[in-house]
Amino acid sequence: MLFPGARDNPLRLNANCPLLNTNRLLARVGVLASDMSFVRLTDTANLPAPNEAKEIACGDKMICVANVGGQFLAVDNVCVHLGGPLGEGVVDKGKIVCPWHGWAYDLKTGELAPGRPGVKPYALKIENGDVLIET
Ligand code: FES
């Protein structure tokens, strides 16, 4: 519903305006919306060895990237208990174990236990030797 007088207001919101529709705006400038949410994290040579994890900087944020049997998974690096660096932890049965007090997070969901929130998980994808992370 428009507010009173909006119908005659030349500045009223226009649903067809490309400036109000991100996908249309991106299409006009040649950027695919699906690629817009990934940024380069590192290159594949910098990924951790099987069943190891490491910290990788993404802008001003650190990400914990783990190698679980050849599958690369990423979560926030900061443990929600007292801020331990998860990328310095141990990979154990699909979980990253915090090096400070042993809290363990599922690397696919970031959860401490099913339904118990933990750290944020991030999607990764590899393209042409680059590792991209969803923002
Ligand atoms: S800081 Fe991670 S378990 Fe305590």
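1. Let's start in the middle. The largest nonpolar core has 21 residues, and the ones touching the most other members are C64, A66, V75, L86 and I96. Two or more residues come from each of strand 2, strand 3, strand 4 (71–76) and strand 10 (130–134). Strand 3 is the top contributor to this core, with 5 residues. As background, nonpolar side chains tend to be buried together in soluble globular proteins. Bear in mind that this is a predicted model.

2. Zooming out for a moment: the chain has 2 helices and 10 strands. Of the 135 residues, 21% are buried. Take the contacts between residues at least 6 apart in sequence: 37% of them link residues at least 24 apart.

3. Four strands make an open sheet in the order 2-3-4-8, and the pairing is antiparallel. Strand 2 and strand 8 (121–122) sit at the edges, each pairing on one side only.

4. Strand 2 (residues 53–58) and strand 3 (residues 61–68) are antiparallel partners, with 6 bridges. For a landmark, look at A53, which is opposite A66 of strand 3; A66 is also on the list of core residues that touch the most other members. The hairpin these two strands form leaves 2 residues between them, and G59 there has a positive phi near 65°.

5. The step from strand 3 to strand 4 is again antiparallel, over 6 bridges. Here C64 faces V75 of strand 4, and both residues are among those that touch the most other core members. This pair of strands is a hairpin too, with 2 residues between the strands, and G69 in the turn shows a positive phi of about 60°.

6. Strand 4 to strand 8 is an antiparallel pairing over 2 bridges. On this side, A74 has Y122 as its bridge partner in strand 8, while V75 stands opposite P121 in strand 8. Putting this together with the previous point, V75 faces C64 on one strand and P121 on another.

7. Setting aside residues up to four places away in sequence, V75 touches C64, L86, I96, Y105, L107, G110, V119, K120, P121 and Y122. For a distance to check, V75 and K108 are 33 residues apart in sequence, with their C-alpha atoms 8.2 Å apart.

8. C64 has its own set of partners. Apart from neighbours within four places in sequence, C64 contacts A53, E55, A74, V75, D76, N77, L86, G87 and I96. That list includes V75, the residue opposite C64 in strand 4, and N77, which gets the next point.

9. Is N77 buried or exposed? N77 sits in the loop between strand 4 and strand 5 (90–92), yet N77 counts as buried because there are 25 C-beta neighbours inside 10 Å. Leaving out neighbours within four places in sequence, the contacts of N77 are E55, M62, I63, C64, P85, L86 and G87. N77 and C64 are 13 residues apart along the chain, and their C-alpha atoms are separated by 4.6 Å.

10. Two backbone angles to check. N51, a residue other than glycine, has a positive phi near 60°. N51 lies in the loop between strand 1 (38–43) and strand 2, and is partly exposed because 14 other C-beta atoms lie within 10 Å. N128 is also not a glycine and has a positive phi, near 50°. N128 belongs to the loop between strand 9 (124–127) and strand 10, and is exposed, with 7 other C-beta atoms within 10 Å.

Technical notes: Residues numbered from 1 in each chain as written. Predicted model: local features only at pLDDT ≥ 70, side-chain atom pairs only at ≥ 80, totals over all residues. Pairing = 2+ DSSP bridges. Core = buried A, V, L, I, M, F, W, Y, C linked by C-beta atoms within 7 Å. Buried ≥ 20, exposed ≤ 12 C-beta atoms within 10 Å, placed from the backbone. Contact = placed C-beta atoms within 7 Å.
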